[in-house]
Amino acid sequence: MTEHEDHKVEKEEQDESLMDKISEKLHFSNHSSSPAPASSSSDSDDEKKRPTSPAPEASSLGSKIRRLFGRERPVHKVFGGGKPADVFLWRNKKISAGFLGGATAIWVLFEVVEYHLLTLLCHGLMIALAGLFLWSNASTFIHKSTPHIPEVNIPEKPVLEFASALRNEINRALAVLREIASGRDLKMFLLVIGGLWLASILGGCCDFLTLFYIIVVVLHTVPVLYEKYEDQVDAFAEKALHELKKQYAVFDAKVLSKIPRGPLKDKKKD
């Protein structure tokens with residue numbers, strides 16, 4: 001019995017030592033493998049912290065749309081960025097509405113009512129002079145102060161500046177017309193001829209005052225609408241321009257290339 005018990009005790013001690021070794025190995029393996037998830041978690045944290053670069057499609061959307069007429073500046077800067085631009089783009093609604101309302105009143109007065117300019121000037125001066133004359137003479141009887149009539153003088157400097165600017169613009173237009181007539185740029189020649197032809201059609205449909213009123217209305221409506229729907233209009237214009245270039249290439253190959261060039265262009269090539 002004693003030998004059997006001793007053998008049993010030795011077996012239990014061996015089992016305990018074996019279990020201790022197994023537990024030590026498991027504990028060591030857990031310690032050695034524990035930094036791996038930490039490193040993976042740190043990698044995931046680094047990936048989260050890294051700034052996500054925008055998709056190339058989203059970043060290139062703005063560059064895909066070409067602005068109308070190759071424009072790179074805002075619409076307000078195209079119109080000069082001053083008070084005229086504020087009026088055309090309705091930055092000050094009272095001034096814009098007043099200018100458009102005044103132009104409408106003038107057009108209705110001369111076109112609808114068929115009032116003549118000379119008659120209007122004469123009647124306006126008659127009413128103003130008669131009113132001031134009666135007020136000046138009646139002020140002694142009604143014990144009122146006489147009307148203050150301001151002295152109106154046309155300053156010399158603004159008139160000279162306007163005349164100088166007008167002279168520069170006329171000279172520039174004459175230089176452009178001379179360049180077109182010399183036969184150097186066929187495309188510009190066709191554009192000018194088309195514009196003059198369109199203007200002649202408009203002149204035959206309406207008189208100068210109506211045409212001027214149409215231009216005023218267009219300047220007060222088209223720019224502000226274009227500024228509001230700028231991206232849609234530019235995308236449509238780009239497609240239309242691409243199609244026009246294709247048609248012009250066909251027309252150039254079939255017709256324009258067979259027309260002889262001007263002498264100035266031949267000399268320039270030599």
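**Close-up views of a predicted chain**

**View 1. Helices H11 and H12 are roughly perpendicular to each other.** In this wording, angles of 65 to 115 degrees count as roughly perpendicular, those under 35 as roughly parallel, those over 145 as roughly antiparallel, and the rest as oblique. Helix H11 covers residues 208–228 and helix H12 covers residues 230–254, and the two pack at an angle of about 95° with their axes 5 Å apart. The axes are lines fitted to C-alpha atoms, for helices over the stretch in contact, and the angles run from 0 to 180 degrees between N-to-C directions. The contact (heavy atoms within 4.5 Å) is made by Tyr226, Glu227 and Lys228 of H11 together with Glu230, Val233 and Asp234 of H12. These residues divide into two nonpolar, no polar and four charged, where Ala, Val, Leu, Ile, Met, Phe, Trp, Tyr, Cys and Pro count as nonpolar, Asp, Glu, Lys and Arg as charged, and the others, Gly among them, as polar. The model is predicted, so that local features need pLDDT of at least 70 and side-chain atom pairs count only at pLDDT 80 or more, whereas totals for chains, interfaces and linings use all residues. Residues are numbered from 1 along each chain as its sequence is written, and side-chain values use heavy atoms, with hydrogens and water left out.

**View 2. The chain has 13 helices and zero strands.** Helices (H or I, at least four residues) and strands (E, at least two) are DSSP runs, numbered from the N terminus. Buried residues make up 10% of the 270 residues; buried means under 20% relative accessible area, exposed over 50%, and partly exposed in between, with a 1.4 Å probe and protein chains only. Among contacts between residues at least 6 apart in sequence, 61% join residues at least 24 apart.

**View 3. Confidence is lowest in helix H3 and highest in helix H7.** The pLDDT, the predictor's confidence in each residue from 0 to 100, has a mean of 76 over the chain, and 70% of the residues reach 70 or more. Helix H3 (residues 56–59) has a mean of 41, while helix H7 (residues 93–112) has a mean of 92. Over residues 29–63 the pLDDT is below 50, and this stretch has zero contacts in the model beyond near neighbours in sequence. Where pLDDT is low, the predicted coordinates should not be read in detail.

**View 4. An unreviewed UniProt entry places a "transmembrane region" at residues 95–110, 116–135 and 188–219.** UniProt positions are given in the numbering used here, feature names are shortened, and annotations may be inferred rather than shown by experiment. In the model, residues 95–110 are 100% helix and 0% strand, with the end C-alpha atoms 23 Å apart. Residues 188–219 are 94% helix and 0% strand, and their end C-alpha atoms lie 24 Å apart.

**View 5. Trp90 and Glu114 are loop residues.** Trp90 lies between helix H6 (83–88) and H7, and its phi is near 60°, a positive value in a residue other than glycine. Trp90 is partly exposed, with a relative accessible area of 26%. Glu114, between H7 and helix H8 (117–138), likewise has a positive phi of about 60° although it is not a glycine. Glu114 is exposed, with a relative accessible area of 60%.
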